[in-house]
Amino acid sequence: MSLTRRELVKLIGASLVAFKAGCSSSPSPGGDGVFADDELRLLRAFADVILPPDDLPGGADLGTVEYIEKLALAFDSAQPPIFAGGPYSDRNPFPDADGSASGNFPSNDFASFIELDRVSAAAWQLQVLGSDRVAVTPNEELYGRLDSLEGRVKSGLRAAIESSTIAIDKLSADELQTLFDGQPVEFKSLLIQLVQEAAFSAPEYGGNLERAGWQICNFEGDSQPLGYSQLVGTTYVERPESPLTGPNPGADPAPITDDVRELLSTIISVLGGRNA
Amino acid sequence: MRKTVYGNTSLASFDALVIGSGAGGSPMAYTLAKSGLKVLVIEAGPCHLDNLDDGTKAVVPRFSNDELKLEHRNFIETDNRIEPRTWRNSEADGDRIDALTGNVQALPKTVGGGCLHADLKTPRFQPMDFQLGTLLDPIAGTSFADWPIQYDELEPYYAWCERLMGVQGQAGANPFEGPRSTPFPMPPGAGMYGSTLVGAGLAAQGYTMFPYPMAVNSVAYDNRPPCNDCGFCSGYPCPTNAKGSTAVTMLRKALLTGNVQLQAETRVVRINATGGTITSVDALDPAGQPIHFVADRYILAASPIEDARLLFLSDPGGPGLGNSSGMVGRNLMFHYQTIALGIFDQRVHGYRGRTVAHGFADFRGVPNNPDKPLAGIVEISGGGLPISEAQFYTQILTMLRPNKWDGALFKKMMRQSPGRDHVMVMVIQAEDAPQLTNRVDLDPAVVDLDGLPVARVTYQNHAFELDAGTFYEPKLMDIFMAAGARHTAIAPRDTVPQSQHIMGTLRFGSAAATSVCDPNGKFWDFDNLWASDGSLFPTSSGYNPTLTIATLSLRVAAAIVDPASPDSVIDPA
């Protein structure tokens, strides 16, 4: 049996979910206890409205829930997973003597997270836990109080659930789109931001499962320690599949289509630019 | 327990105390320490350079090819709610425009400072840049002034600084550059595909493209490897130390002398003075507890906005420490950036490489020539990275259809990537006219996490730079069209200029009545306080400031070590 990439990602995602559910007392299968079942289902559905699945995964299968939960629960960990370590992941090898990729990979420094200093901790505790759970919110009278990340997402989801006259599971794609479009701008903006961060950030943050997010945008991701050039003698050796100084080999995997070009032309005209 | 004290931890008395460890502080620490002075460096941010003070091991950065960490989670930059700054264009705006304006020229707070996140484009200024007070006809509303030291006096320090940081480049390639006493320490590195395309457009328009001088190793140099063009460069501290930031070059060397102690995560909150002498500084230690430091000499190198803020914090209710001239905080300058986008039919993969490999200086201009107004060097770079790209498309899509999110179109744009993989960018780093009204002071109400008033920036552009930008906009688009771009446009300007090239606020000059510091960077008002960063700049030039900041710091330090013969302090080539 051959699996498509999407099926593979879904399978891996389901396995992860099952594993987490088995390890947790969470009442919400598929989550880490941050969201109730109906919230979780709607979050996944909205993630796919924002970044729909096609032959490549959508926002849900890219790990939006996992990403949000990892951040929302960051301060349950002694080492909050806010800043992944460095300098290298284990996704690229060291170069060989001839500048090509060797079979020797570094250990994954991204997998361990960096201890927060006093100021970073204060900033992220406020962002994640909200004003109610931090000692001081500077300039509260000017900026207002900040709700927790969990609270902002949950309250938005609950409001959407309660505003829907149809059960979440029964909503058609069009009805989900309408439900999403009808939510407050602040909530939609937050969710769009979180889905995009989940999809296109390093996988260690909980999203971008199987690096499918980077595959969507034809991006190689982090490139160290191989990089895109290796100096050998007096020559910079480049990666044949990802050259530095010349054009990419082969056909464009996703050439610009007429509708996107028309959109570009409109934007450029609005900006007072020029279209050839 | 996390390490926050580096270098010689047993030092208890100090000849000099340096506030800040970036491009202004590290060269100072290096020069003083190699001359035998005992130096305490205080840095507000944490150290993410493991083994920085261990000469038996390579420095291991905690930096990485991680867009989320560096660009969206503020790993080294300041948080808007915890350490805000406020903004207004003029006093007519009231106390501030918005309580929470956003990123107002926030530079990294970390050991190494802004020099770490820069992609370290390090051109020298041109000789004329030091003389605009004389060369320019009077322009109402501006405060152009000559520098109190000229290019030829600074040239040996430029050469020294290029050796210390390890600068790649090609002498003579920029037809407008000043004379050099030494060649670049290393040749230019690999180019970028997009630069080649833009270069054809430049040639067609009669302009001269050259390899951008950069403090990035093109070959192994000073026990650091050549750059491998990983692509995460502008805004990203280097994961391999190929970038010769002043932290991994001069600060490390300083720490290894045994004459330096570095205290990270320590925030200076007040400078104390008696008469014309600085006596001590008050600070908050890594736990936020008060701590007190004493030294014989004090050097401000915390970057122009924070330098001025600290002087105002040090004189509550007064005019500000060192401000007998009334000039502290004034003449704040950013480079005025005109940004042109070119979208090509083919993928140009501008995210691979050193962000910028080439530039041209034909738009630097000539004083008083209306056909060649003064602007600046032009950087040729690629597009951004995917999360920023996604946010860019989100802005476009929500602008066009605010009430309906088009996920399918969003995903199609991410796959086709017209805003990243097909984009090249040209940025003019244009001269920003100094104005007395562009300034830093303390916000009357907004405070940081420690309850201290934050810096308020009052700033608006002068017609000098606005007109120059307008003049060159069509020429940038001409270049892109000649290079074969399908679309080109000038990016809209933000409310707050995006430039993190910050200059002025403690202008140095030849007269105490019109400047804060003397020609050697010493405060006119004190016998043991100096500034050694971009705050000293009387004018902004039209070239990236980092090399000149570090060079000036070396020069100020050399004059502290040997006032009669500062050039004798320069390391031999």
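B:Cys47 is buried, at 3% relative accessibility. Buried stands for a relative accessible area under 20%, exposed for over 50%, and partly exposed for values in between (1.4 Å probe, protein chains only). The model is predicted: local features need pLDDT of at least 70, side-chain atom pairs count only at pLDDT 80 or more, and totals for chains, interfaces and linings use all residues. Residues are numbered from 1 along each chain as its sequence is written, chains are lettered from A and ligands numbered from 1 in the order in which they are written, and side-chain values use heavy atoms, with hydrogens and water left out.

The search over all chains of the structure returns 0 disulfides. The criterion is a pair of cysteine sulfur atoms within 2.5 Å. B:Cys47 is in no disulfide; its nearest cysteine sulfur belongs to B:Cys115 and is 14 Å away. A:Cys217 is also in no disulfide. For A:Cys217 the nearest cysteine sulfur is that of B:Cys230, 17 Å away. A:Cys217 is buried, at 0% relative accessibility.

Confidence was taken from the predictor. The complex has an ipTM of 0.96 and a pTM of 0.95. Per-residue confidence is given as pLDDT, on a scale from 0 to 100. Chain B has an average pLDDT of 97, and 100% of its residues score at least 70. In chain A the mean is 89, with 89% of residues at 70 or more. Residues 1–29 of chain A stay under 50 in pLDDT. The model has 32 contacts beyond four places in sequence for that stretch. A contact requires heavy atoms within 4.5 Å.

Chain A holds 10 helices and 3 strands. These elements are DSSP runs numbered from the N terminus: helices are H or I with at least four residues, strands are E with at least two. Along the sequence, the pattern of chain A is α-α-α-α-α-α-α-α-α-β-β-α-β. Of the 276 residues in chain A, 50% are buried. Contacts in chain A between residues at least 6 apart in sequence include 57% that join residues at least 24 apart.

In chain B, helix H1 spans residues 25–34 and is mostly covered, with 9 of its 10 residues buried. Among the buried residues of H1(B) are B:Ser26, B:Pro27 and B:Tyr30. B:Gly36 follows H1(B) and has a positive phi, near 100°. Helix H7 of chain B contains B:Met250. B:Met250 is buried, with a relative accessible area of 0%. Outside four places in sequence, B:Met250 is in contact with B:Ser26, B:Pro27, B:Tyr30, B:Cys161, B:Leu164, B:Met165 and B:Leu554. The C-alpha atoms of B:Met250 and B:Asn51 are separated by 14 Å, the two residues being 199 residues apart along the chain.

B:Tyr236 lies in the loop between strand E7 (209–211) and helix H7 (247–256) of chain B. B:Tyr236 is buried, at 1% relative accessible area. Contacts of B:Tyr236 beyond four places in sequence include B:Asp66, B:Glu67, B:His117 and B:Leu385.

Strand E9 (residues 267–274) of chain B contains B:Arg267. B:Arg267 is buried, with a relative accessible area of 8%. The side chain of B:Arg267 makes polar contacts with the side chains of B:Glu83 at 2.8 Å and B:Asp450 at 3.4 Å. A polar contact is a pair of N or O atoms within 3.5 Å; within protein, one must be able to donate a hydrogen and the other to accept it, and residues adjacent in sequence count only if both atoms are side-chain atoms. Beyond four places in sequence, contacts of B:Arg267 include A:Arg118 and A:Val119 of chain A, as well as B:Lys109 and B:Asp282.

The whole structure has 9 cavities of 30 Å³ or more. A cavity is a set of points, on a 1 Å grid over the protein atoms alone, where a 1.4 Å probe fits but cannot get out; lining residues have an atom within 4 Å of a point. Points are joined across faces, edges and corners, and a volume is the space filled by probe spheres set on them. The largest cavity holds about 180 Å³. Its lining comprises 19 residues, with A:Val119, A:Ser120, B:Asn74, B:Glu77 and B:Glu83 nearest the centre. Helix H4 (residues 118–129) of chain A gives the most to this lining, with 4 residues.

How values were computed:
pLDDT is the predictor's confidence in each residue, from 0 to 100. On a 1 Å grid over the protein atoms alone, a cavity is a set of points where a 1.4 Å probe fits but cannot get out, and a pocket is an open set with protein on both sides within 12 Å along at least five of seven lines; lining residues have an atom within 4 Å of a point.
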